[in-house]
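Morning, everyone. Please bring up the sequence and the structure, and keep them in view while I talk.

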Number of protein chains: 4
Amino acid sequence: MIVVLKPRCSQQAIERLTRRIEELGMKPHVIVGVERTVIAATGPEREGLEAEFEADGEVERVMPILAPYKIASRETRRDPTVIEVGSLKVGGGHIGVIAGPCSVEGEESLIEIARLVKQAGATALRGGAFKPRTSPYAFQGMKERGLEILSAARAATGLAIVTEVMTPHHVELVARHADVLQIGARNMQNYHLLQAVGETRKPVLLKRGPSATIEEFLLAAEYVLDQGNQQVILCERGIRTFETHTRFTLPLATVPYLKEKTHLPVVVDPSHGTGLASLVPSMSAAAVACGADGLIIEVHQNPAKAMSDGAQTLSVPQFAATLETCRKIAGALGKTLS
Amino acid sequence: MIVVLKPRCSQQAIERLTRRIEELGMKPHVIVGVERTVIAATGPEREGLEAEFEADGEVERVMPILAPYKIASRETRRDPTVIEVGSLKVGGGHIGVIAGPCSVEGEESLIEIARLVKQAGATALRGGAFKPRTSPYAFQGMKERGLEILSAARAATGLAIVTEVMTPHHVELVARHADVLQIGARNMQNYHLLQAVGETRKPVLLKRGPSATIEEFLLAAEYVLDQGNQQVILCERGIRTFETHTRFTLPLATVPYLKEKTHLPVVVDPSHGTGLASLVPSMSAAAVACGADGLIIEVHQNPAKAMSDGAQTLSVPQFAATLETCRKIAGALGKTLS
Amino acid sequence: MIVVLKPRCSQQAIERLTRRIEELGMKPHVIVGVERTVIAATGPEREGLEAEFEADGEVERVMPILAPYKIASRETRRDPTVIEVGSLKVGGGHIGVIAGPCSVEGEESLIEIARLVKQAGATALRGGAFKPRTSPYAFQGMKERGLEILSAARAATGLAIVTEVMTPHHVELVARHADVLQIGARNMQNYHLLQAVGETRKPVLLKRGPSATIEEFLLAAEYVLDQGNQQVILCERGIRTFETHTRFTLPLATVPYLKEKTHLPVVVDPSHGTGLASLVPSMSAAAVACGADGLIIEVHQNPAKAMSDGAQTLSVPQFAATLETCRKIAGALGKTLS
Amino acid sequence: MIVVLKPRCSQQAIERLTRRIEELGMKPHVIVGVERTVIAATGPEREGLEAEFEADGEVERVMPILAPYKIASRETRRDPTVIEVGSLKVGGGHIGVIAGPCSVEGEESLIEIARLVKQAGATALRGGAFKPRTSPYAFQGMKERGLEILSAARAATGLAIVTEVMTPHHVELVARHADVLQIGARNMQNYHLLQAVGETRKPVLLKRGPSATIEEFLLAAEYVLDQGNQQVILCERGIRTFETHTRFTLPLATVPYLKEKTHLPVVVDPSHGTGLASLVPSMSAAAVACGADGLIIEVHQNPAKAMSDGAQTLSVPQFAATLETCRKIAGALGKTLS
């Protein structure tokens, strides 16, 4: 932690702050410059210290040195985490492809789309049974019945199931049916939910919140990891910016940046990340090109009739063509896709 | 809903879309312009329709006409909602002042600060017992013991208690101690939690998420209202933008804008909205000047020793001076504060 | 400048970097911590150094200590700069009110509106002769004839004239007619233009660019100041964020924050800052309440017929009522307005 | 244009607005719905009308139907514009690669880097002679001498020269030396400059401003096109968002989105778009994968010694490896790169 003092600070301030740094178990180093005095504190930083020092009237600014996440950090573990569950393998050169409808809409239709996306190259099936919806008046999902249908689709196709869990008391139920527990973007900082999925031993697909910094994202992962569940897949799904031509802004530089900072695999959701089906093929290709470990894509037999998210959903032929391109790019990079 | 077709659209598209609009119980009006054909659909709009129509290959864009929130809307209820609970009155010309520490830290200290903020003019006491923290390694609050201390502070001072509830299964417990249930910004779209507080008959203070649009904010309120709980206080606490000199950006125009759209009272949190104690007095004054129905401010006997959020916390004398100015501005506008 | 090295950095890196810091005329202080080594460099920082050090393969991050603006800084000059030109006085407890139409539309109408805003309390007249417009097909202003009309309005009313200059070769012409040269938000980083107005001795009203950081804003002011023109008025007019209910987001905390960092006066433009006439009165009041030294407001005899910006323009009675409220708030704060 | 009236609007309002629409040469279509009355106006829309109608007290909202740019639109010209100047070919399946240092630093070094980037596959040389710098105290470029050095580098290598022009009165001078005139992000809405380069017949590389919407970006291009210069290359270089781990956020979905809306070629600047050299290779690959017609990349013999932008500059071997990957991806997509 670096504590920058205000110009012309008092000797008492320097003494008060160095004493406090020592009290906290760190070692203070006072550096007197021409225009500013700076105190560097080495040793174990704690969250919240920054605020304490900033509250001091003679302190101008405090800058932390260390990243606050530990288990997620590349410094803790150099090798990439590879997650494998049934048909889905993510990380270490394997690009997983999770595809399916936004919502589970019925047994027959789900099994049909599951077969179709599998044939096109998907390695897992997505589909929402519990749906977080902006409006209380919108379709909220088929709930428990939707989970049973997802299980039936796995039985019929062998595809691993990825589905969202929205609240702690549903974790056990959803975990009975799902292979991967998805935490939606709205719940990225729902800490009780993160702890609850952290207590299971199911892989967790954690979506980045639309206004989360990378540090907040990794600290959300840390809530899961800290409970002993090491299988976290990070998912970039777009952030909220001033742009309105797309639903969200998909900041793909997150992918290579995260891979520098963490050993966890990173997948991309170009469907939510753009909100427009016509942009999904290009952004899927771009995601693979910049190093994503997987894709999660909304696909429906008839996007115009989908019960939710139709505007961003690919048809089956569009999805197959998208994977075709992605496979070539993966090949050019020495990776495998499906 | 207005459906804008692509240039040179086919006659079949027009027929297909008008038929579908009729199927959905709305009335289509086809308007053939020089460069574009537009279909206006009148009648009850449903969420999700937009996406369905946008998924059509010959549709360029769909624009909704009606706001999707109903109960929160000024069109449903012209008169402002006034919320009164114990010592706190918010709305209808009464400016409520909720003040106290970020976290409950102990019984003696809480009762002391409660007495001090009351004396300075606060009409309710804030204090977190369950604390949502970005890092799993940060202090998470005194939990149930914290709630008991809040009850003790009410008994000692008569101040109404405002405290956060983080997960549905805590609602009953927190509601036993709190007068107002606070939903934090991270949980603005935690729909199970919104429904759970909607089932109580306690007033709810709903904080805007840092990337929530006004429509999403009002739809979150709608989740509570739709359960029959009409007592929702909206709280603007800052949004995430590219600005880094403040912790969040406090967009005060939200206050008069919300008051045009909804009858619910609107309070402002200048502590989180700026993250810097030195800016809190000015922004409190500005909030009152632009029509806020209340303020929620972090105050501590010794901000530098606060267990969380010290950098944005006022000392008691700073808080008293802030209220002094706000009282004058309220008076100039014909309103009452404390 | 603080240089944070990567974990397990080499001894050579430490030597290489300390040598380079010495070469640059600064003094290196090496601090070896448990997890990281940090080098603090004291002495004169130069812009661009940061990038040089960050390009080193063993450096993780570089943090500057000093603000890069000098003349604009409070550290250079403690007393607030007060700008007085004709009828307009801004700063030091005087709140200037600049009002008038978006564009100059004709001599008769401009003189009429000038009289009306003066009567309501305005202390300067605004009006665009050269208009920066997003579309090349939109009305671009009356140009030189517009300037002559502005001069005529000053002759008729005694109001100081504030008008925009868009390109260096117009500076001389505009300066012949204007009392204050306005630099629009789109031109905040048009450095040749900043230098050109810096060479005049006319006060400059510098609008913040919609994505400019505070540091970039003050450095733009520094371009003017560095040419010897000390009379710069900073103007907050809204930033671009994800919010769409207002044209821009007006981050009023800029006002008290800037006043901590600089001695230059700060005015607020609630017309562009919101884009909606119905929000302008509240935001004007809020701007005065949080310490603004002035307001710049669009006013027109008949906003619905204005040639540009009608949706955000006040009518004369709305403007008069707005000033009435602002005057009361200014009074409550011990300041004078008009 | 769609005019949505407020609930319970008066008959007079409907009459007043339809009359005004007719006056403006458009045809009104009144649609009376259950909750709202809407008036659709067909015929030629003009910029600014929106504001006029929104200023009407009984109007709730106005929604334009037509895009305001004309010449840039795909609707005006279906075939992609291909720009070819000397060694550089951009568009129509040809991926141009513009590479070189941020600033021209000297003749010998520029010719050396030009040879090196050419050998690695670059098809044009970039290098700033006039440098827009955030701080007035930073290195401002070698100016006219820098232009002469660029000419010398072209003579030595045959590479086309891309360099920035900052102000209208430099256009003639820069055009004497450059093959492509670059308009920097800070000047995207410097309309006098856009018109000045529009009057030349040199290709223009127009960088997107960091807070420009797509519509504003295309309207800036329209300023150039409207002067008769049809050769505009659009450049996505990152937008300003709340993200701080990268210098800007690179929203690659701009590439396929722009290609739907306009026939102009689109190139990507991953150097400014990320600000971090380690992310440039991945983002270059992603840009090619999502359909970019070119790349503009900062390369230097020794990034740590570059006079500006070192942190985002590639070394020659890094650049060569990046192009190697990009070439494979281009090949997989049936395109050619260098």
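Which residues of H7(A) are buried? They are A:Ile214, A:Phe217, A:Leu218, A:Leu219, A:Ala220, A:Ala221, A:Glu222, A:Tyr223, A:Val224 and A:Leu225. Buried means that 20 or more other C-beta atoms lie within 10 Å of the residue's own; exposed means 12 or fewer, partly exposed is in between, and C-beta atoms are placed from the backbone.

Some ground rules. This is a predicted model: local features need pLDDT of at least 70, side-chain atom pairs count only at pLDDT 80 or more, and totals for chains, interfaces and linings use all residues. Residues are numbered from 1 along each chain as its sequence is written, while chains are lettered from A and ligands numbered from 1 in the order in which they are written.

Back to the helix. Helices (H or I, at least four residues) and strands (E, at least two) are DSSP runs, numbered from the N terminus. H7(A) is mostly covered, with 10 of its 12 residues buried. The cover includes helix H6 (191-199), strand E11 (204-207), strand E12 (232-236) and helix H8 (254-261) of chain A. Now its span. The 12 residues of H7 (residues 214-225) should span 16 Å at 1.5 Å a residue, and the end C-alpha atoms are 16 Å apart, so the two agree. The expected span is 1.5 Å times one less than the number of residues.

Next, the core. A nonpolar core is a set of buried Ala, Val, Leu, Ile, Met, Phe, Trp, Tyr and Cys residues joined through C-beta atoms within 7 Å. The largest has 407 residues. Which of them touch the most other members? A:Leu206, B:Leu206, C:Leu206 and D:Leu206. Leaving aside neighbours within four places in sequence, the contacts of A:Leu206 include A:Ala220, A:Ala221 and A:Val224. Contact means C-beta atoms, placed from the backbone, within 7 Å.

Now the chains together. Where chain D meets chain A, each gives 32 residues. On the side of chain D, H8 (254-261), H10 (280-289) and H11 (316-332) each supply at least two residues. H10(D) brings the largest share, 5 residues.

Last, symmetry. Chain B can be laid on chain C with an RMSD of 0.0 Å, by a turn of 180° and a shift of 0.0 Å along the axis. That is the relation of a two-fold axis. The superposition is by least squares on the C-alpha atoms of residues with pLDDT of at least 70 in both copies. In chain B, the C-alpha nearest the axis belongs to B:Ala286, 2.0 Å from it.

Conventions:
Two residues are in contact if their C-beta atoms, placed from the backbone, lie within 7 Å.
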